[in-house]
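The report below describes selected features of one structural model, beginning with a pair of helices and moving on to sheets, loops and backbone geometry.

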Amino acid sequence: MTARETLLGMLHQPNCYTMPQSELVPLQLEAARELLAERRQQLPILDRRARETGVDRLEKLDDLIPLLFSHTTFKSYPNSFVQNGQWDRMTKWLGTLTTTSMDGVDLTQVEDIDDWVSRLWAAGHFVNTTSGTSGKVSFLNRTKGDADLLRRYLQRICWPEPILPENKHHIFFLGPRSGPYMLLIAANHVAEMYGRPDSRHYLSDDRLRLTDITRMAEMRLKMAEGRATPSEIAAAEENARNQGVEMAKRFSEMVDQIIRLRHEPMIITGGWLQMWQIMEAAKARGVPNGEFHPDTVIQSGGGLKGANLPADYREQIFEFFGHVRTQQGYGMSEMSCGFPMDKDGYYHQVPWIIPFVLDKEGVKPAGPREGVVEGRYAYVDLSNEARWNGLITGDRVTIDFRETRPETRLPGLVVHPNISRYANIGEEDKIGCAGTIDAYISGEIGA
Amino acid sequence: MTELARIAPVAVNHFVKGEMIAGGEANYGAFATPALDIDSLVWQRTEAGPAFFTPIAEIMDVLVATGERMQTDPSGVLTEAFEAMAQVGDLDRGVLQRAYELLPKMFARDWLRFLVEGELGGVDILDGWRKVTDPSGRTAQYRAFPPRLVHVLAGNAPGVAAISIIRGALTKGINLLKLPSNDLFTATAILQTMAEVAPGHPLTKSFSAVYWKGGDENVEKYLLRPIFFDKLVAWGGEGSLRSAKKYVGPGFELVAFDPKTSISMIGREAFASPETLAEVAEAAATDICLYDQSACTSSRFQFIEASMEEAEAYCELLQAEMGKERLTASGCGVRIPPALREEIEGLRALEPFYKVWGESDGRGVVVLSEDPVDFHPEAKTVNVVVVDRLEEAVRYAGVATQTVGIYPPERKVDLRDRLAAAGAQRVVTLGTALGGGVGIPHDGFFPLHRLVRWVTDEC
């Protein structure tokens, strides 16, 4: 058994998320050595980075830092490939980041980026995607093995006292039914394993289409080149608003169903703001606190995206739902799975993911891997078969490397709940006269 | 804790109405400034500004003397500022040193006169009234009256501080300079030198230079008001412009040197001979590497009339030229940001659609392609794009385009009107993007003309 297999074999073992660093680190280091040697053979882009930065042998975990990518890597394809429909080039690009061959992908009559993604899935490349405000989509390739790991991870939810998949929950997912997003892929696994086949509800039954997102990028390009007309800009902004109106209507219907079924077990998945809105709507309809079934699961996470809620919004939400279960984690679409939250609100390390705390610039360790360290979060995920998954993020985190601490009942490495974002470059009051067209594209398109 | 935070903050002085102010009460982490007394930063409208009625000749005398003292720097003020900038600033030491050496020349009398003549059409109008008669026989007199200005400075090149002080002085108005965190020293050093050559002079009393964090409502909400100032003069910086917009309204105007980007256009003529191609590559590299490509004038995209093979030969020469040290460029003094490095690595893996020359070692990277890349090339990175005809490349110029460097110069005549129609502001012969902007329009207007207040006396 290799070190990597040992780490992956810990899933759902009693000590999976509570191992002390003294036991975990030697295994992780060994697994990282195995993996790096293999991936350097498979990925010229990683091999080149290793040669450029002079990383040859891993003596300690921090030696991996020069080999971390930023999220840019997974969207480094030229937009023109998408706009010109050059799917062969897109496939070649994804191939440079993928360990397995892209030869089997059928590209005949691919019309748009959603078709392309479907063809990738059909050929066993289970890519998931993310997108930022720029409208450029990142593509993160996964093998069948990577997809299976996520499914296995979700076979137990609500650690440390997990519930089992028994197809007895009503499913309420406050998003579209499907699409190549990590959140939607995971929600579908949960629905399939835990959900009653006759009662699965989604905010939208449509598949989430990447084309809608890339259209925004196209619009930006048109504006930059001065080809957009005022009515096209107005139409693009109105389209975004109309979608919002439609969603609000459907959301209200879902809230009615949730209230009606509140005495039966259900899994509600959505953002904190949506949970807050469910609470407010239910209260307005006279539903008192604590009426939900004790096997109900509230699955949420992420930030508030600018929404203005009181500081104790989570307490208020759980007071309303009552003695229900909760599944929360710290993670991102790029990671194979999230760090699960314990009952004290701290996020526990997954054994095959090596976390790093870097300085603000994301270059050097913020401190030795001991005690409590604050800085920019980065990680190497040793599980991924399809790609080299070492990434520097924009999150500012506090990580406690100690085996035990007074704040938590469970031992092991934890991430503190106080996660925030680093300011982007350019928000630091350094002023220069150079700029881009982005400064000239304002309004909802440019936001 | 980062390494930076463990070092004691660098002391930054303020300059308020002719006096240097020291003190580190306001700690910003990497640096500390004196506490800000916002009352001291305004000049009440109940009184005229200190230099409103000082003759322009006398203003110029003080500026010329300031420049001469900057040249010799007997009290070491400028040297000190240079050392502080070299420690904390973003520019390479050599580039910064040469940029500092150029500063005193900007204060030469012939340049001051050229500036005023060019941007206002004469010096007379700063001291008195110019008379005109309209076709109906009605007469009017008008004058460039001293304004009340807040300047939000950019810090990517020290010349910004110098030209802002020069123009501010030539208006005879009052000038509050808001320092950027990437140049906390140059403006103050120049003003201190001015105070040494003309202590207590109305001109030195017309200037303040202080730091507050851009967007700080506790300061901007109270200072940026028409009861105190007429105009906000902002250099680039999308963030600072957006913040400034909040305060612009009747009686408080924005004069914006917008954030800009620059490009080059290279005609087929470059391939006339190997010698010509080498000269073109050198000129192109000069325009790209201005202030290690941190300026609005620095070229980032080059459109070239060539076959792929010809373009490859050019790119190789160009990358070699970009590694050379120049007046405003280091040999290898810039670090490529990680995100950009990964964009480049992504394209490097896409041969033959993209070809990349150079490493991320600061000596310059050239990316050759058929379409412009999606990212903003910086830190000595240029995208060479092959086109059949330069006229086709005009569509890549827009409202964000400042300078377009063209080779050969004869092609400018055909291209300049098309470029202007697309939104570009400035056409130059390839290799000469540095300089200019004084006594002629800059960023689409005559700056001094925009800074002053035009008042009339009619009958």
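In this predicted model, helix α11 of chain B passes helix α12 of chain B in a right-handed crossing, a crossing being right-handed if the near helix is turned clockwise from the far one by less than a right angle, and left-handed if anticlockwise. Residues are numbered from 1 along each chain as its sequence is written, while chains are lettered from A and ligands numbered from 1 in the order in which they are written. Because the model is predicted, local features need pLDDT of at least 70 and side-chain atom pairs count only at pLDDT 80 or more, whereas totals for chains, interfaces and linings use all residues.

Helices (H or I, at least four residues) and strands (E, at least two) are DSSP runs numbered from the N terminus. α11(B) covers residues 274–288 and α12(B) residues 308–322, and the two pack at an angle of about 50° with their axes 8 Å apart; axes are lines fitted to C-alpha atoms, for helices over the stretch in contact, and angles run from 0 to 180 degrees between N-to-C directions. The two helices are therefore oblique to each other, since angles under 35 degrees count as roughly parallel, over 145 as roughly antiparallel, 65 to 115 as roughly perpendicular and the rest as oblique. Among the residues that meet are Leu277(B), Ala281(B) and Ile288(B) from α11(B), and Tyr314(B), Leu318(B) and Met322(B) from α12(B), where contact requires C-beta atoms, placed from the backbone, to lie within 7 Å.

Chain B as a whole has 16 helices and 20 strands. Buried residues make up 50% of its 459 residues; a residue is buried if 20 or more other C-beta atoms, placed from the backbone, lie within 10 Å of its own, exposed if 12 or fewer, and partly exposed in between.

Three strands of chain B form an open antiparallel sheet in the order β6-β7-β20, two strands being paired if DSSP finds at least two bridges between them. β6(B) (130–133) and β20(B) (453–458) stand at the edges with a single partner strand each, so one side of each is left without a neighbour in the sheet. The twist averages 30° from one strand to the next. Four bridges join β6(B) to β7(B), and Arg130(B) has Tyr142(B) as its bridge partner in β7(B).

Val452(B) lies in the loop between α16 and β20 of chain B and is buried, with 24 other C-beta atoms within 10 Å. Leaving aside residues up to four places away in sequence, Val452(B) touches Ala144(B), Phe145(B), Pro147(B) and Thr171(B).

In chain A, seven of the ten residues of strand β13 (372–381) are buried. Six bridges join β12(A) to β13(A) in antiparallel fashion, and eight join β13(A) to β14(A), which also run antiparallel.

| Residue | Phi | Other C-beta atoms within 10 Å |
|---|---|---|
| Lys172(B) | about 70° | 27 |
| Asp443(B) | about 50° | 19 |

A cis peptide bond joins Trp159(A) and Pro160(A), with omega about 10°, and the bond from Tyr407(B) to Pro408(B) is cis with omega near -10°.

Technical notes:
Two residues are in contact if their C-beta atoms, placed from the backbone, lie within 7 Å.
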